[in-house]
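Please work through each task before reading its solution.

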Amino acid sequence: MAAEQDLLATEIVNRGIESSGPNAGSQTFSVRVRRRLPDFVQSVNLKYVKLGYHYLINHGIYLATIPVLVLVFSAEVGNLSREELWKKLWGDARYDLATVLSFFALFVFTLSVYVMSLPRSIYLIDFACFKPTDDLKVSKQQLIEAARRSGKYDEGSLEFQKRILMSSGIGDETYIPKPVMEGENCATMKAGRAEAGLVMFGALDELFEKTGIRPKDVGVLVVNCSIFNPTPSLSAMIINHYKMRGSILSFNLGGMGCSASVIAIDLARDMLESNPNNYAVVVSTEMVGYNWYPGKERSMIIPNCFFRMGCSALLLSNRRRDYRRAKYRLEHIVRTHKGADDRSFRCVYQEEDSERLKGLKVSKELVEIGGEALKTNITTLGPLVLPFSEQLFFFATLLWRNLFGHAGPQQPPTKPYIPDYKLAFEHFCVHAASKTVLDELQRNLGLSDANIEPSRMALRRFGNTSSSSIWYELAYLEAKERVKKGDRVWQIAFGSGFKCNSLVWKAMRRVKKPARNPWLDCIDRYPTVN
């Protein structure tokens, strides 16, 4: 029972002046009880640390042998004087020309095979985030008024939406499709394709303009959109619009949630590794209007309050000559899937309500489940990115806790040392799901206000743009000119399934303020003070 209470947080909410009922004209307050993220300090699982070290060893075993070989060779040569070394190399050698040439050819062949077997680096040349026109911009009050005019919601549902919006962390400049604001039926193929074309082509036009790449030069195309999956697919829609080449490798990912951009990049990386000297385009988006819920089930109304229009498009390359023009190099991808657990599987679930109206149902346990997935992901990622000192302290305290941390029933368990991830990364792009989620993540990861600023500002300016949100956050950092050469960027996203996925990039150069960026017309107004 005590453990369950530790996961609960309470807050007093001022609901304003009561307009009707026996308490009309009086100031009213309510106590809100919600689940918080699990305390990472008390719940680190050793098996995920082992998994992280397993990844590290798999990728570093060959490099680890090089210093050993160098030391052995140095010790052998160090015992010889210059005259003795010369005598061994030339005086005692009886090599003919054929032997020397054979040895040299074998050395060159072995070196060539080794170099060719190394995985090619994956570079992020550039990316673009779609910015809708001002006629699609809505404030929180305008959204409530549009919901009232539609006649689909009772007063209780409208009041619920207002409370959610006011505490969401979303500002008054986010974007909603016109059919939603005009009360039209949004769940049609025509409306879905219209919104898809608007956001995807807008982002891709900007990407091709910024990079100078022709659509026909693209060899791999990956599109992710969870809710709207028509036939022909969205990837086919892009190929048709830009008249891409017939040999393009195209993929369309559906139902993968808000972390799908990381999954799409992982797939694109695999395709590039098997297809050298190629370009890959990854498009991440979500159709807001197509999944707009017109019913009264409160757990299904929540997505209406958070999700907004958005789309990102990025260009990846494995061509070595793109080293100098690339902005970032892909360092690590770590993916975590909790779908084997029934609670995790159903915490974000698309279904019909009692009136057979389709929507996305969000469980009250979402924050807790998301915290468990996040804990697994960052524990696995730690050995790949943390400095050795942090890993040593973390592993030692974790080992001590597992061996001696539960010596007696009266003694509190030994707290493991939680690594400081600020030592591993200069920038953080955390999926901007909601203000509550960002508050809990900041507290548990020990992030500063500056670390979490890109996520909070992206949520305030653009809302929850689903899988593309981490790219609006990176665009914020670039607009502020904060990314320097060698900086490491951590993008972390989570979504239905339940999944938590991480991307780690390293900046190849200092990133100057781009000529085109969704933040350019307002960046001087941010960060804002709530």
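**Exercise 1.** State which residues form one aromatic cluster, and identify the charged end that sits over the ring of F462.

*Solution.* In this predicted model, one aromatic cluster is made up of Y175, F462, Y472, Y476, W519 and Y526. One of these residues, F462, also has a charged neighbour: the charged end of R461 sits over the F462 ring, 4.7 Å from its centre.

**Exercise 2.** Classify the geometry of the pair formed by Y123 and Y323, and locate both residues in the chain.

*Solution.* A search of the whole structure finds 16 aromatic pairs. For Y123 and Y323, the ring centres are 6.1 Å apart and the planes lie at 80°. Planes over 60 degrees apart count as edge-to-face, so the pair of Y123 and Y323 is edge-to-face. Next, consider location: Y123 belongs to strand β3 (residues 123-129), whereas Y323 lies in the loop between β9 (311-317) and β10 (328-337). Finally, consider accessibility: Y123 has a relative accessible area of 7% and is buried, while Y323, at 42%, counts as partly exposed.

**Exercise 3.** Describe the pair of F345 and Y349, and name the residue whose charged end sits over the ring of Y349.

*Solution.* The centres of the F345 and Y349 rings are 6.0 Å apart, with 70° between the planes, and the pair is edge-to-face. F345 is partly exposed at 43% relative accessible area, and Y349 is also partly exposed, at 25%. The charged end of R346 sits over the Y349 ring, 4.0 Å from its centre.

**Exercise 4.** Determine how helices α5 and α6 are oriented relative to each other, and list the residues that meet.

*Solution.* Helix α5 (residues 140-150) packs against helix α6 (residues 155-166) at an angle of about 165°, and their axes are 10 Å apart. Angles over 145 degrees count as roughly antiparallel, and α5 and α6 are therefore roughly antiparallel. Their crossing is right-handed. On the α5 side, K140, L143, I144, A147 and R148 take part; they meet E155, L158, Q161, K162, L165 and M166 of α6.

**Exercise 5.** Decide whether P514 is buried or exposed, and give its contacts beyond four places in sequence.

*Solution.* P514 lies in the segment after β15 (499-507). Its relative accessible area is 12%, so P514 is buried. Leaving aside neighbours within four places in sequence, P514 is in contact with K327, E478, A479 and L520. P514 and E481 are 33 residues apart in sequence, and their C-alpha atoms are 9.0 Å apart in space.

Definitions and conventions
Residues numbered from 1 in each chain as written. Predicted model: local features only at pLDDT ≥ 70, side-chain atom pairs only at ≥ 80, totals over all residues. Heavy atoms only, no water. Phe/Tyr/Trp six-rings, centres within 6.5 Å; stacked < 30°, edge-to-face > 60°. Helix = DSSP H or I, 4+ residues; strand = E, 2+ residues; numbered from the N terminus. Buried < 20%, exposed > 50% of the residue type's maximum accessible area, 1.4 Å probe, protein only. Lys NZ or Arg CZ within 6 Å of the ring centre and 35° of its normal. Axes fitted to C-alpha atoms, helices over the stretch in contact; angles between N-to-C directions. Parallel < 35°, antiparallel > 145°, perpendicular 65-115°, else oblique. Left-handed = near helix turned anticlockwise from the far one by under 90°. Contact = heavy atoms within 4.5 Å.
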